[in-house]
Amino acid sequence: MRIDILSLFPDMFDATLGQSIVGRAQDEGFLDIHVTDFRQYTTDKHRHVDDTPFGGGAGMLLQAQPIFDAMDAINKEVEGTYPKGRVILMDPAGRRFDQDYAMELAQEEHLTFICGHYEGYDERIRQLVTDEASLGDYVLTGGELAAMVMVDATVRFVPGVLGNMSSPMGDSFSNGLLEYPQYTRPADFRGMKVPEVLTSGNHEKIREWRMREALKRTLERRPDLLKTAKLSREQQIILQDLKLDLDPDAPK
Ligand SMILES: C[S@@+](CC[C@H](N)C(=O)[O-])C[C@H]1O[C@@H](n2cnc3c(N)ncnc32)[C@H](O)[C@@H]1O
């Protein structure tokens with residue numbers, strides 16, 4: 001997968017995308033990440049990329065010209081190598097990012113993220129994009145942190161990025177539920193013991209325990225997720241049982 005990021009602060013990405021799993025995935029050729037400082041495309045003699053809003057008002061807006069020209073250059077570079085991918089504008093008014101959105105983006109071969117700054121964008125920049133995405137209901141100073149989070153969560157679903165040993169499908173949210181509790185050695189730490197079933201070697205019992213614990217944790221912490229989770233018959237029966245444990249008088 002190729003990922004392009006348009007930002008006025010390209011150095012911000014070195015600390016995250018060049019390290020750890022994402023850094024290794026780039027070294028091994030699973031990802032090809034390019035960060036473009038779109039200031040280099042401005043035709044303004046003072047190298048400005050922003051201006052005051054027509055009609056007045058506080059703050060400065062990113063101008064269309066540098067971003068349009070940067071996008072033209074990227075499109076020219078990838079033409080013939082990658083199919084037309086998605087272009088994502090970071091914007092608090094966009095679609096809320098979540099695990100389903102990450103899985104959806106991971107199907108693409110080319111993604112471009114546009115990071116805003118200052119008071120926002122000249123509205124015509126929206127003509128360039130397929131998506132507008134928000135990290136959540138709060139306002140960041142720029143789109144960089146939001147783009148980093150989206151790239152990080154998305155590339156976990158790109159084959160090869162996590163290596164052969166782990167699967168993102170067992171993670172919280174991937175199957176509509178929170179993840180079950182996990183333990184590692186020692187089996188007894190300061191008197192806090194690992195649940196016996198996990199050291200029993202009985203794989204069927206461990207599977208059942210994990211399923212029950214994932215449902216229990218989701219019911220306790222994020223019951224909203226259960227409204228849309230696609231549960232198997234076995235999970236539905238366990239959930240009914242858990243609900244009865246919590247509130248024996250609840251309607252069945
Ligand atoms: C200070 S914000 C501009 C906020 C804008 N005036 C508004 O009220 O929607 C500057 C830039 O940060 C990015 N940004 C801020 N909050 C964000 C969020 N929750 N999700 C994604 N990007 C965000 C966007 O790129 C935005 O254009």
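What follows is a walk through the overall build of one protein chain and a few of its local features.

The model is a predicted one, so local features are reported only at a pLDDT of at least 70 and side-chain atom pairs only at pLDDT 80 or more, while totals for chains, interfaces and linings take in all residues. Numbering runs from 1 along each chain as its sequence is written, and side-chain values rest on heavy atoms, with hydrogens and water left out.

The C-alpha trace spans about 70 × 45 × 40 Å along its principal axes. The radius of gyration of the chain is 23 Å, whereas a compact globule of 252 residues would be near 18 Å; the value is taken over C-alpha atoms, and the globule rule is 2.2 Å times the number of residues to the power 0.38.

How much of the chain is buried? Of the 252 residues, 40% count as such, with buried meaning under 20% relative accessible area, exposed over 50%, and partly exposed in between (1.4 Å probe, protein chains only). The accessible surface is about 15,200 Å², and 50% of that belongs to carbon and sulfur atoms; these areas come from the Shrake-Rupley method with a 1.4 Å probe, and for residues only the protein chains shown count as cover. As for contacts (heavy atoms within 4.5 Å), residues 24 or more positions apart make up 73% of those with a separation of 6 or more.

Two helices are worth a look. Helix α5 (144–155) has 12 residues and reaches 16 Å from its first C-alpha to its last, close to the 16 Å expected; the expected span of a helix is 1.5 Å times one less than its number of residues. Because 9 of those 12 residues are buried, α5 is largely enclosed by the rest of the structure. Among the buried ones are Glu144, Met148, Met150 and Val155. Helix α6 takes up residues 203–221, and its end C-alpha atoms are 27 Å apart, which agrees with the 27 Å that its 19 residues should span. Its buried residues include Ile206, Trp209, Leu215 and Leu219, and the buried residues of α6 pack against α7 (233–246).

Two arginines show a positive phi although neither is a glycine: about 65 degrees for Arg47 and about 50 degrees for Arg190. Arg47 belongs to the loop between β2 (32–37) and β3 (50–51), and counts as partly exposed because its relative accessibility is 42%. Arg190 is in the loop between β9 and β10 (192–193); at 75% relative accessibility, Arg190 counts as exposed.

Finally, there is Tyr121, found in strand β7 (residues 120–121). At 10% relative accessibility, Tyr121 counts as buried. Leaving aside neighbours within four places in sequence, its contacts include Leu61, Leu89, Met90, Ile114 and Cys115. Asp188 is another matter: Tyr121 and Asp188 are 67 residues apart in sequence, and 56 Å lie between their C-alpha atoms.

Definitions and conventions: Helices (H or I, at least four residues) and strands (E, at least two) are DSSP runs, numbered from the N terminus.
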